[in-house]
Amino acid sequence: MYASLKSIGAYVPSRILSNADLEKMVDTSDEWIEKRTGIKERRIASAEESTSDLGTKAAEIAIARSGIAKEEIDLIICATLSPDHLCMPSTACIIAAKLGITNVMAYDISAACSGFVYMLSMAKAYIESGMKKKILLVGAEKISSVVDYTDRGTCILFGDGAGAAIIGATDNKNEAIVDVHASADGNYADYLITPGCGSKYPCSQETLDERLNFIKMKGNDVYKVAVKTLTNDVVDILQSNGLEASQVDHFIPHQANFRIIDAVREKLNFPIEKTVLTVEKYGNTSAASIPMAINDAYETGRIHKGDLMLLDTFGGGFTWASALVRFGGN
Ligand code: ACO
């Protein structure tokens, strides 16, 4: 038996935060943001919506498209860096309850923007070992809750959203998750970090005054490591599977910054037409970015059963991961 990505779904909140809106909040300009990042707008959840609400809506779509009954799901994993609560209950548990699924194994993982591809490697192992049969993966972020809207170096980048997928079993190799590579180097932890309100700097008036509960980033350093790592990662996974870039139907990179994507794409000689881009309209939605991009390609009719997708992602930790996935949905 092989593991197969059977369906995809996504949800974004309706409120749009444009570059023009950000011009009124921090010292920046539409021109600067677009030139440096390719982002024009991003979505922001309402005060009433939490990460689990976004994740639940994406999951409902993925479940409906999979054709399975929600009761068949025997594992729910959620990847997020903006969980409903620090740190229990897990957002996956809350999503399970909101979906009306009880008596199911459910947990969160923390791998920042690499979360969805990390989850794919787990789901592949669970399915191939026969331990689980139908797995719901959710990448969901109300990242606006941990973004400092006085810091122009970060607030222009991020947006809220969620993506979800159902992973099941197949005996057809042409609809299978081919391979997943995932790795990390914690020596870079300080480059991209939400320092406060964990056990190291527990929430206090001081941590809040110093705004340590928000994402801090050394943008320029992250940029350089990201381009190098994302490129090496793709070369590695293609080589170890005996594949050429030309055999990939869709290159679906983490939607952090158009310049990063384009630098990687150029180094690897992927044509722009084969590259899925959503960064312009959603910004960086961290763990939701890859499933939202797959969903975008699916809803616009670009992805068909059996198509080979190459996923490539990088995030805080540093974590990074890539995957070769043949689409198993209809
Ligand atoms: N508007 C206007 N000017 C700005 C802004 C802004 N929003 N932000 C920074 N600047 C200024 C800086 O202060 C600096 O000014 P100075 O030259 O007078 O000192 C100048 O612009 C250049 O700053 P850099 O940081 O060198 O700009 P850079 O070209 O590197 O672009 C950016 C910054 C867009 C953040 C880029 O470094 C980047 O995208 N890095 C990667 C970030 C990323 O992808 N992070 C997410 C990883 S995934 C995850 O896990 C969440």
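Q: Hi! Which cysteine does a disulfide join to Cys 197?
A: Cys 203, with 2.1 Å from S to S. A disulfide here is a pair of cysteine sulfur atoms within 2.5 Å. Before we go on: this is a predicted model, where local features need pLDDT of at least 70 and side-chain atom pairs count only at pLDDT 80 or more, while totals for chains, interfaces and linings use all residues. Residues are numbered from 1 along each chain as its sequence is written, and side-chain values use heavy atoms, with hydrogens and water left out.

Q: Thanks. How many disulfides does a search of the whole structure find?
A: That search finds 1 disulfide.

Q: And why is the disulfide of Cys 197 and Cys 203 right-handed?
A: Because the torsion about its S-S bond is about 65°.

Q: Is Cys 197 buried or exposed?
A: Cys 197 counts as buried, at 16% relative accessibility. Cys 203 counts as exposed, at 52%. Buried means under 20% relative accessible area, exposed over 50%, and partly exposed in between, with a 1.4 Å probe and protein chains only.

Q: Let's switch to the ligand. How many residues surround the ligand?
A: There are 26, and the closest are Thr 28, Arg 36, Cys 113, Asn 220 and Asn 257. A residue is near a molecule or strand if one of its heavy atoms lies within 4 Å of it. Of those closest residues, Cys 113 is buried, with a relative accessible area of 8%.

Q: Nice. How far is a polar side-chain atom of Asn 257 from an oxygen atom of the ligand?
A: The distance is 2.6 Å. For Asn 220, a polar side-chain atom lies 2.7 Å from a ligand oxygen atom. A polar backbone atom of Gly 219 is 3.0 Å from a nitrogen atom of the ligand.

Q: And how much of the ligand does the protein cover?
A: It covers 73% of the 1000 Å² of accessible area that the ligand has on its own. Those areas come from the Shrake-Rupley method with a 1.4 Å probe; for residues, only the protein chains shown count as cover.

Q: Which element gives the most to the shell around the ligand?
A: That's α8, with 4 residues. Elements that each supply at least two shell residues include α2 (30-37), α8 (219-240) and β12 (308-315). Helices (H or I, at least four residues) and strands (E, at least two) are DSSP runs, numbered from the N terminus.

Q: Why does the ligand lie between domain 1 and domain 2?
A: Because domain 1 (2-172) and domain 2 (177-326) both give residues to the shell around the ligand. The domain bounds come from an automatic or database domain assignment.

Q: New topic: where does Ser 114 lie?
A: In the loop between β5 (105-109) and α5 (115-129). Ser 114 is buried, with a relative accessible area of 0%. Its side chain makes a polar contact of 2.8 Å with that of Thr 319.

Q: What do you call a polar contact?
A: A pair of N or O atoms within 3.5 Å; within protein, one must be able to donate a hydrogen and the other to accept it, and residues adjacent in sequence count only if both atoms are side-chain atoms.

Q: Last one: which peptide bond is cis, with omega near -20°?
A: The one from Gly 317 to Phe 318. Phe 318 is found in the loop between β12 and β13 (319-326).
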